[in-house]
Amino acid sequence: MKRAIPFAFLLVFAFVSATFAATDSDGPKVFRYAYHFADLELLDVHKHTTTDVMQAANPIGEALVRIDSKGVIHPLLLEALPEMSADGTLFTFKLKKGVKFHDGTELRASDVEFTFNRIFDPKTQNLNTWLCDMIKGAPEMLEGKAQTLEGFKVIDDYTFTIELGEPYAPFLAVLGCEQMMIYPKKACEEAGSNWGLTTFVGTGPFELAEFSGKEVMHAKRFEGYHGEPAKIDELFIYVMDQSTALMEYEAGNLDMVRVDNDVVAPYKTEEFAKNLVRVDLMGIIAMNMNVNMPPLDNVKVREAVSYAIDRQGLLRSFLDGNGTATNCMIPPGIAAHVDRPYEYNPEKVKSLLAEAGYPDGITLEAYVSETQEVAKVAVVLQEQFKASNVTLNVNRVDQGTYVDMRRAGQVQVPFLTWFKDISDPDNFTYTFYHSTSSQLFSSNWKDAKTDEMLARGRASMGAEREKIYLELEKYLVDEQRIVAPLYNPVFYYLVADGVSGVIYDNSLLRFYEVEISK
Amino acid sequence: MDFLLLKFILNRLWQAVVVLVGVTLIVFVMVNVAPGDPVAVMMEKKADAATIERIRQQMGLNDPLYVQYWTFLKNSFSGDFGNSYFQKLPVRALLARGFAVTGSIAVGVLLFSIAVGILMGILAAVFRGRSADRLIMLVSTLGMALPSFWLAIILQLVFGLWLKVLPISGLKSFKAYILPSVALGMIYAASLARLTRTNMLDALNQDYVRTARSKGAGETAVVVVHAFRNAAIPILTYLGTLMKSILGGSVLVETVFAINGLGRLLVDGIMKRDIPVIQGCTIYIAAVFVLMNLVIDLVYGLIDPRIRAAKES
């Protein structure tokens with residue numbers, strides 16, 4: 001039996017030892033990026049709302065225009081930016097000739113028409129119709145009263161017009177969103193329910209090689225691309241747990257990885273600092289105040305609460321500098337952003353509360369989803385508020401319950417996390433404070449003056465427009481105090497040596513200029 | 001097949017149907033009484049009430065609950081659990097994909113657990129009270145105490161990052177199965193080692209072992225043929241339990257290794273209120289439990305003549 005011992009150990013570890021061999025090597029021009037993209041379940045941008053899907057789809061598909069990281073709009077599938085009628089409702093587009101989809105067919109106006117009809121066809125179950133439902137005939141299509149979009153007219157193979165129901169200044173910016181990428185009619189119809197799962201064809205610099213939901217998107221350079229061809233041969237976007245992705249990066253198996261703010265500290269050290277990229281985002285983390293739920297129906301109380309926030313303390317002690325304190329709802333880089341001062345003053349809070357009839361302080365109820373990162377911020381504010389006689393009870397609930405409550409307008413103190421969809425102040429104001437949508441974010445702000453300014457903002461252009469939003473933002477934040485902006489978020493990425501050309505477009509990355517020189 | 005066995009199988013299959021129908025009812029009630037509208041979760045902040053209502057209508061979520069349940073029950077019997085609200089794929093296809101992944105890891109876990117657990121258990125019993133026994137019991141205690149996901153990360157660090165001999169994540173090659181199998185299998189191997197040791201000690205003290213030794217049988221033959229065969233029944237029961245647990249998937253280990261198995265499928269479904277996925281996964285897990293119990297009962301009879309005789313009498 002004793003002789004059996006070495007043999008037994010041999011058997012036990014044969015399972016492992018047989019595999020100790022050299023690892024595979026990758027080709028020289030393969031770019032591999034990973035993050036825990038929890039929502040990367042498909043590539044059809046009509047069927048998801050999150051950045052995860054847009055990130056994986058954007059190397060493959062393209063919209064009519066492209067917006068650079070400074071917010072400037074450039075023609076992409078167009079010869080030039082569209083001509084706009086004097087009243088701002090009719091746009092005439094001319095497609096660039098010779099643009100090929102990955103299946104070899106040429107982009108025509110009929111493909112654009114198909115895409116726009118698909119966007120509003122109820123059978124599509126598009127979750128992003130809100131972006132562009134100002135196009136004439138969109139409501140009728142969504143309600144099943146029309147089969148085609150009244151506001152879309154094909155003039156010839158390369159020319160078409162889009163008519164809006166009413167002027168909407170950010171319309172061109174909307175056309176640059178990932179959700180508006182142009183699909184090829186033939187390929188999309190042939191793929192049927194497999195579109196975005198096994199088949200996904202666009203005009204982008206990369207063509208889809210393989211997609212496995214929640215696992216990997218693998219694309220190869222499209223040799224027939226209408227613009228400057230991609231410099232890398234292959235692109236992989238992996239779905240990976242954060243710690244796994246960081247290990248893979250450190251082992252040299254990834255070229256780039258996004259690093260969550262709560263684990264970034266060890267990567268700010270000398271060893272990794274040269275590879276760490278910080279991206280300040282056009283986004284906002286803010287604390288809304290529900291004007292339907294006393295005592296927040298009193299503007300003096302709302303003002304008091306805004307002085308109970310120590311933004312610098314939050315940024316310094318809890319967020320470790322991973323963000324930028326702000327007191328403006330519109331982030332830097334977007335028209336009408338201002339550097340409004342903010343003040344942390346517990347004594348002023350107590351005094352304002354006493355004036356409002358609450359000398360003994362107030363109690364507020366915040367609800368946060370257990371999956372929200374901002375849940376931790378709420379707990380920090382809870383501690384800060386104690387010095388001001390403001391008790392903030394932080395209730396953690398699951399995502400489904402939280403969304404139900406927030407949409408019903410039942411959260412007294414809801415927290416907002418918002419990254420821009422379009423680089424426009426409308427995206428940070430109308431969305432939350434127009435009377436038709438404020439309940440969804442639990443501010444319940446229904447105010448004729450706000451609605452009127454928002455409508456004027458949508459219909460105006462240029463400097464006049466910026467003035468409207470400056471006035472509006474001041475009215476909401478500084479006068480009515482329905483929201484307390486907290487900070488603008490940041491993302492971090494680790495980028496391997498030898499990698500260049502990644503374009504950081506807010507929360508999205510663009511890979512068409514990536515170069516690897518290892 | 002003898003009549004009694006056939007009757008036994010049919011009886012158990014009938015019970016399985018009753019259990020599964022009960023499971024469909026409980027799951028349906030639970031996912032529908034739990035707060036959280038799947039469409040609101042799906043659209044998060046980006047849609048008004050009218051849009052949500054329209055999408056709910058298109059997805060059939062506004063039908064009366066009894067209609068929804070009947071449709072679900074009827075379709076379930078043909079294995080059609082509908083399409084995932086988020087992944088847009090048939091749940092059947094997602095289950096098949098998840099099962100292929102989880103099942104393949106289950107094979108690795110089973111091989112690892114049996115190889116390590118039984119071997120270590122036998123060795124500990126044979127060398128009872130000596131250093132080898134104490135070492136094996138210490139390691140098995142540790143193995144039972146270590147959380148799988150923690151062990152997974154340590155294995156990734158050691159074998160993937162530092163030694164660079166095994167893949168850190170994914171399931172692209174045979175080698176990639178090793179770390180998940182070890183991480184998941186460690187707790188089972190440790191339990192199996194302790195269980196095997198206990199049963200082997202009991203068997204080694206039996207009269208038939210003494211008889212075998214007195215007849216001059218070799219020590220290996222005594223241990224493997226005479227003692228282990230009789231110690232195998234409780235071990236078999238444990239293996240059945242082990243299979244049931246493994247085939248349900250492990251969300252933590254699957255997440256750590258970036259594997260799309262059944263554990264992740266179910267937990268993601270719950271988090272997002274993806275009702276078809278929750279229902280499909282739950283019925284699958286219930287079916288695995290029912291089936292494995294049936295298999296264990298049948299195998300008992302095959303390997304142990306005493307149980308077969310009891311059933312016949």
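With which side chain does the side chain of A:Asn427 make a polar contact? In this predicted model, the partner is the side chain of A:Trp418, at a distance of 3.3 Å. The side chain of A:Asn427 also reaches a backbone atom, the nitrogen of A:Asp421, at 2.7 Å. A:Asn427 is located in the loop that runs between β17 (415-419) and α14 (430-433) of chain A, and with a relative accessible area of 2% the residue is buried, because the threshold for that class is under 20%. When residues up to four places away in sequence are not counted, A:Asn427 touches A:Trp130, A:Trp418, A:Phe419, A:Lys420, A:Asp421, A:Ile422 and A:Phe432.

As to confidence, chain A has a mean pLDDT of 91, with 94% of its residues at 70 or more. An exception within the chain is the segment 7-25, over which pLDDT stays under 50 and for which the model has 26 contacts beyond four places in sequence.

The largest nonpolar core comprises 99 residues, and those with the most contacts inside it are A:Phe31, A:Tyr33, A:Leu64, A:Phe116, A:Phe171 and A:Met217. At least three residues of this core come from each of two domains of chain A, namely domain 1 (26-39 + 205-279 + 492-497 + 510-518) and domain 2 (61-203). For A:Phe116, the contacts that remain once neighbours within four places in sequence are left aside are with A:Leu64, A:Ile135, A:Leu149, A:Phe152, A:Ile162, A:Leu175, A:Met180 and A:Ile182. Apart from this core lies another, of 90 residues, which includes A:Tyr402 of chain A as well as B:Ala40, B:Ala125 and B:Leu266 of chain B.

The side chain of A:Glu62 makes a polar contact of 2.7 Å with the side chain of A:His226. Beyond its neighbours within four places in sequence, A:Glu62 is in contact with A:His226 and with A:Leu76, A:Leu77, A:Met181, A:Ile182, A:Thr203, A:Gly204, A:Pro205 and A:Tyr225.

With regard to cysteines, a search of the whole structure finds zero disulfides over all chains. For A:Cys188, the nearest cysteine sulfur is that of A:Cys132, 16 Å away. A:Cys188 is buried, with a relative accessible area of 5%, and A:Cys328 is likewise buried, with a value of 0%.

Most residues other than glycine have a negative phi, and most peptide bonds are trans. Against this background, the peptide bond that joins A:Pro294 and A:Pro295 is cis, with omega about 5°, and A:Pro295 is found in the loop between β13 (283-288) and α9 (299-307) of chain A. A:Asp320, which is not a glycine, has a positive phi near 55°; A:Asp320 belongs to the loop between α10 (311-318) and β14 (324-325) of chain A and is partly exposed, at a relative accessible area of 43%. In chain B, a positive phi of about 55° is found at B:Ala258, again not a glycine, in the loop between α11 (251-256) and α12 (262-272). B:Ala258, at 9% relative accessibility, counts as buried.

Note on methods. Residues numbered from 1 in each chain as written. Chains lettered and ligands numbered in written order. Predicted model: local features only at pLDDT ≥ 70, side-chain atom pairs only at ≥ 80, totals over all residues. Heavy atoms only, no water. pLDDT = per-residue confidence, 0-100. Contact = heavy atoms within 4.5 Å. Core = buried A, V, L, I, M, F, W, Y, C linked by side-chain atoms within 4.5 Å. Buried < 20%, exposed > 50% of the residue type's maximum accessible area, 1.4 Å probe, protein only. Domains from an automatic or database assignment. Polar contact = N/O pair within 3.5 Å; in protein donor to acceptor, adjacent residues only side chain to side chain. Disulfide = S-S within 2.5 Å. Helix = DSSP H or I, 4+ residues; strand = E, 2+ residues; numbered from the N terminus.
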